[in-house]
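Student: Could we go through this model together? I would like to begin with a pair of strands.

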Amino acid sequence: MKTVNQSIQIDGIDKKILRALMSDARTPILEIARQVGISGAAIHQRLRKLEKSKLISGSKFIINPKVLGYTTMAFIGIYLDKAISNPEAVKQLQKIPEVLECHYTTGNWSIFIKILCKDNEHLMQVLNRDIQSITGVSRTETFISLNQQIDRQIKI
């Protein structure tokens with residue numbers, strides 16, 4: 001399946017709307033309308049246009065994993081014995097709730113994942129029991145994040 005990168009033209013008003021919502025997705029539309037100087041209906045219309053263009057893909061609440069006891073973030077490079085194993089390996093990785101992201105990459109690894117665990121012992125269990133037991137996984141390299149320094153979206 002081939003994807004085509006399409007770019008959308010957004011103006012200054014769109015940018016103001018997006019910045020307000022990126023700052024706090026719960027900002028009332030009428031408050032944004034007052035800040036921008038257009039009607040609430042116009043804000044809704046612009047948001048529909050941005051959603052239709054797929055620039056916006058919804059909004060979400062962000063859970064603080066530390067409050068739930070998840071304190072160990074790790075990145076794992078996964079070596080597969082054959083490229084043909086990729087789709088099946090990804091299916092198996094999707095079943096592991098600790099896996100937050102999964103990327104096909106260039107370079108040494110076939111797959112690069114981001115996982116979140118309660119602690120190092122939990123990480124070791126997930127690695128040994130779940131990830132390294134996937135058919136086609138020949139070995140892994142694990143990098144534990146000591147502290148996330150930057151967490152942001154693309155600047156609008």
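Student: Which residue stands opposite Ile 111 in S3?

Tutor: Tyr 104 stands opposite Ile 111. Strands here are DSSP runs of E with at least two residues, helices are runs of H or I with at least four residues, and both are numbered from the N terminus. The model is predicted: local features need pLDDT of at least 70, side-chain atom pairs count only at pLDDT 80 or more, and totals for chains, interfaces and linings use all residues. Residues are numbered from 1 along each chain as its sequence is written, and side-chain values use heavy atoms, with hydrogens and water left out.

Student: In what sense do S2 and S3 pair, and over how many bridges?

Tutor: Strand S2 (residues 99–104) and strand S3 (residues 111–117) pair in the antiparallel sense over five bridges. Pairing requires that DSSP find at least two bridges between the strands.

Student: And what about the residues between the strands of that hairpin?

Tutor: The hairpin of S2 and S3 has six residues between the strands, and Gly 107 takes a positive phi near 100 degrees there.

Student: Which residue has a positive phi although it is not a glycine?

Tutor: Lys 54 does, at about 75 degrees. Lys 54 lies in the loop between H3 and S1.

Student: Is Lys 54 buried or exposed?

Tutor: Lys 54 counts as exposed because its relative accessibility is 70%. Exposed means over 50% relative accessible area, buried under 20%, and partly exposed in between, with a 1.4 Å probe and protein chains only.

Student: Changing topic, how much space lies in the largest pocket?

Tutor: The largest pocket holds about 1700 Å³ of space. Of the 38 residues that line the pocket, the closest to its centre are Lys 60, Phe 61, Ile 62, Asp 151 and Gln 153. A pocket is an open set of points on a 1 Å grid over the protein atoms alone, where a 1.4 Å probe fits, with protein on both sides within 12 Å along at least five of seven lines; lining residues have an atom within 4 Å of a point. The volume is the space filled by probe spheres set on the points, which are joined across faces, edges and corners.

Student: Which element gives the most to that lining?

Tutor: H1 gives the most, with four residues.

Student: Finally, how many helices and strands are there in the chain?

Tutor: The protein chain has five helices and four strands. From the N terminus on, the elements run α-α-α-β-α-β-β-α-β.
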